[in-house]
Amino acid sequence: MKLIEIPRVTTLTKDQFLKDYLRPQRPVVIEKYTEDWPAYSKWNFDYIKEIAGEKKVPLYDDRPVDHKEGFNEPHSTMKMKDYIDLLLREPTNYRIFLWNLMKEVPELQKDFYFPEFGIPIMKNLPMLFFGGKESHTFMHYDIDLANIFHFHFAGKKECILFPQTENKFLYKIPHSLITHESIDFSKPDYKEWPALKFATGYKTQLNHGEVLYMPEGYWHYMKYITPGFSMSLRSVARNPLHLSKAIYNVLFMRYFDNGMRRLRGQQWIEWKNERAIERTKKVIKSMA
């Protein structure tokens with residue numbers, strides 16, 4: 001894979017963001033945007049335990065997709081205080097994924113401000129993400145292909161991104177939002193997954209208080225180098241093609257996939273995985 005370091009800026013004005021990153025759809029890391037937020041100094045694991053410790057949270061790990069599980073169905077649940085104790089005690093694959101801050105812990109809204117970048121932010125959908133050392137997400141893109149502002153707190157996180165133009169090289173699973181689950185994007189095996197050699201994307205590492213802008217529909221793989229957590233804010237896709245794809249995903253694709261899991265069981269999952277490999281092999285052959 002050819003991975004380009006994501007450009008970094010100390011701060012960014014609205015006009016600079018619109019001109020240099022939103023319009024050309026380029027990712028960027030803003031290093032000091034959150035320093036005037038109360039969250040910058042307050043948001044650590046002790047504070048989250050204090051304010052949300054009794055909340056029961058959904059947990060996800062890196063097990064392969066199973067036909068018995070629904071779309072984005074959690075693998076387990078645990079009280080937040082117990083989960084944080086686990087994170088800090090030992091490595092764990094359990095992650096919190098898409099936890100709605102406004103719904104679950106509205107008090108946390110007092111600690112941050114919605115950014116003024118010239119595009120409307122969905123103010124009812126701030127989402128929190130937590131992970132332990134070495135835990136990771138599958139390479140995926142978000143169902144609504146939104147513009148995403150990913151604010152990282154506590155620890156360090158590795159991020160690998162690809163635009164939608166690289167789909168043909170990523171072993172994308174049909175009727176899904178992920179690539180083939182057997183791929184380790186932090187250490188890819190090019191003998192097993194040769195098409196990845198042709199993929200061009202971006203990489204960076206996020207530290208406390210830094211913000212990563214991910215353009216519409218960007219694939220992203222996140223690996224926690226140390227225990228940490230992040231918050232994502234999103235803005236609706238502006239590209240008509242991306243917006244129509246988002247509507248299709250939300251209103252049809254996820255329900256179709258769940259229906260086929262119930263109807264065909266594990267055969268459906270296996271067929272999708274095989275189809276991803278077959279499609280990508282055809283791409284490589286066409287390039288020979």
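Colleague: In S11, which residue is the bridge partner of histidine 150?

Modeller: Leucine 212 is the partner of histidine 150 there. Keep in mind that this is a predicted model.

Colleague: How many bridges join S8 to strand S11, and do they run parallel or antiparallel?

Modeller: Four bridges join S8 to S11, which covers residues 211-214, and these two strands run antiparallel. Strands of a sheet pair through backbone hydrogen bonds, either parallel or antiparallel.

Colleague: What is the order of strands in the open sheet?

Modeller: The order is S2-S3-S11-S8-S13-S7-S6, seven strands with mixed pairing.

Colleague: Which strands stand at the edges?

Modeller: S2 and strand S6 (95-100) do. Each has a single partner strand, so one side of each is left without a neighbour in the sheet.

Colleague: New topic, salt bridges. How many salt bridges does the structure hold?

Modeller: There are 16 salt bridges in the structure. One of them pairs glutamate 31 with arginine 8, with the closest N and O atoms 3.1 Å apart. Arginine 8 sits in strand S2 (residues 8-9) and glutamate 31 in the loop between strand S3 (28-30) and helix H2 (38-42), so the pair ties together parts that are 23 residues apart in sequence.

Colleague: What are the relative accessible areas of glutamate 31 and arginine 8?

Modeller: Glutamate 31 has 27%, which makes this residue partly exposed. Arginine 8 is partly exposed too, with 33%.

Colleague: Which residues are linked with Arg8 in a network of salt bridges?

Modeller: Glu31 and Glu210 are linked with Arg8 in that network.

Colleague: What about arginine 234, which side chain does it meet in a salt bridge?

Modeller: The side chain of aspartate 144, at 2.8 Å from N to O.

Colleague: Are arginine 234 and aspartate 144 buried or exposed?

Modeller: Arginine 234 is buried, and aspartate 144 is buried as well.

Colleague: And which residue forms a salt bridge with aspartate 20?

Modeller: Lysine 19 does, with the closest N and O atoms 3.3 Å apart. Lysine 19 is exposed at a relative accessible area of 58%, whereas aspartate 20 is partly exposed at 26%.

Colleague: Now the surface. Which residues make the nonpolar patch?

Modeller: Val236, Leu243, Ile247, Tyr248, Leu251 and Phe252 make a patch of about 560 Å². Take leucine 243 as an example: this residue lies in helix H6 (residues 240-264) and is partly exposed, with a relative accessible area of 34%.

Colleague: Where does glutamine 25 lie?

Modeller: Glutamine 25 is in the loop between helix H1 (14-22) and S3.

Colleague: What is glutamine 25 in contact with, leaving aside its neighbours within four places in sequence?

Modeller: With Asn147, Tyr213, Pro215, Glu216 and Tyr218. Tyrosine 213 is 188 residues from glutamine 25 in sequence, but the two are 9.6 Å apart in space, C-alpha to C-alpha. As for glutamate 216, its backbone nitrogen lies 2.9 Å from a polar atom of the glutamine 25 side chain.

Colleague: What is the phi of glutamine 25?

Modeller: Phi there is near 55°, a positive value in a residue other than glycine. Most residues other than glycine have a negative phi. Tyrosine 171 also has a phi near 55°.

Colleague: Where is tyrosine 171, and is it buried or exposed?

Modeller: Tyrosine 171 is in the loop between strand S9 (157-162) and strand S10 (200-206). At 3% relative accessibility, tyrosine 171 counts as buried.

Colleague: Last one, glutamine 109. Where is its place?

Modeller: Glutamine 109 is in the loop between helix H5 (101-104) and S7. With 31% relative accessibility, glutamine 109 counts as partly exposed.

Colleague: Which residues is glutamine 109 in contact with, neighbours within four places in sequence left aside?

Modeller: Leu101, Met102 and Phe114.

How values were computed
Residues numbered from 1 in each chain as written. Predicted model: local features only at pLDDT ≥ 70, side-chain atom pairs only at ≥ 80, totals over all residues. Heavy atoms only, no water. Salt bridge = Lys/Arg side-chain N within 4 Å of Asp/Glu carboxyl O. Buried < 20%, exposed > 50% of the residue type's maximum accessible area, 1.4 Å probe, protein only. Patch = residues over 30% accessible without salt bridge, like charges linked within 9 Å, V, L, I, M, F, W, Y side chains within 5 Å. Areas by Shrake-Rupley, 256 points an atom, 1.4 Å probe, with all protein chains shown as cover. Contact = heavy atoms within 4.5 Å. Polar contact = N/O pair within 3.5 Å; in protein donor to acceptor, adjacent residues only side chain to side chain. Pairing = 2+ DSSP bridges.
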